Amino acid sequence: MSSKSESKLVGRYFDAAIGLLQRVRDEESGHVAEAGTVLADAVEGGGRLFAFGAGHSSLAAQDVVYRAGGLALMNLLAVPGVVGVDVMPATLGSALERVDGLAGAVLDSSPARSGDVLVIISLSGRNSLPVEMAMNARALGLRVIGVTSVAYATETRSRHTSGTFLKDHCDVVIDSKIAVGDAELAVDGVDAPFGPASSVVTNALMQAMMAAAVEELVARGKQPPLLRSANVDGGHDWNGRVFEEYGDRIFYRR
């Protein structure tokens, strides 16, 4: 048997990730359910759903958009240059997160309006972009759900002029419990910690939130607008019917 199959670091990483997932399940399930109710309110009331994240936080936002088994009404609120590492240089995205005023310009040119919901994902919640995104969204009449690590608000300084964090401008806050630095592993001989787990935890929180919204809609006697995989028989036709019924609230097909 290869020695690699007995790697202690592999086991330690999985243990750390499982531990974080268990912790958010135990400590954040109520907030996740609350967020699901906010989403269900918008779905039932004719509102639209948006998700935003910058850098690697965008992965969790993208994971709930146009997703088999997901809510068809989830739309990505994209900010050019900060969605991923496909821009050159990749460090541009980090720089744009600190630009004041960018969030307002994005929201003003977006289809978001009063009565909609915006889920903002930011691990640190300290940069200008997520803070101003939440502030401006609420000023426009949107309800804001924040998925962030509250630890940053006590162990770091805000980079926004207000001195506030994302968590300070949300209707619902879900704490990912990720430690400052987002690195679960450290070993002798390696100068920097490694093994980030924020994507694992945040993606799980987002999918749990979608499940909570479905549960709430069903409890109200409403059929959730869910997508099916296009790779199963009948999936393409199913999705076509959903797109036709909810086309005015879906923006990733335009």
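Predicted model: local features only at pLDDT ≥ 70, side-chain atom pairs only at ≥ 80, totals over all residues.
A search of the whole structure finds 12 salt bridges. One of the pairs is E28 and K177, whose closest N and O atoms lie 3.1 Å apart. This pair links distant parts of the chain, its two residues being 149 residues apart. E28 belongs to helix α1, which covers residues 8-44. K177, in turn, sits in the loop between β5 (172-175) and α7 (198-219). Both E28 and K177 are buried.

A network of salt bridges links R23, E27, E28, D175 and K177.

How do the two partners compare in accessibility? D63 has a relative accessibility of 18%, and therefore counts as buried, since the cut-off for that class is under 20%. R67 has a relative accessibility of 36%, so R67 counts as partly exposed.

Another salt bridge is formed by K167 and D168, with 3.0 Å between the closest N and O atoms. K167 counts as partly exposed because its relative accessibility is 31%. D168 is likewise partly exposed, at 36% relative accessibility. Both values fall in the class between the buried limit of 20% and the exposed limit of 50%.

Methods:
Residues numbered from 1 in each chain as written. Heavy atoms only, no water. Salt bridge = Lys/Arg side-chain N within 4 Å of Asp/Glu carboxyl O. Helix = DSSP H or I, 4+ residues; strand = E, 2+ residues; numbered from the N terminus. Buried < 20%, exposed > 50% of the residue type's maximum accessible area, 1.4 Å probe, protein only.
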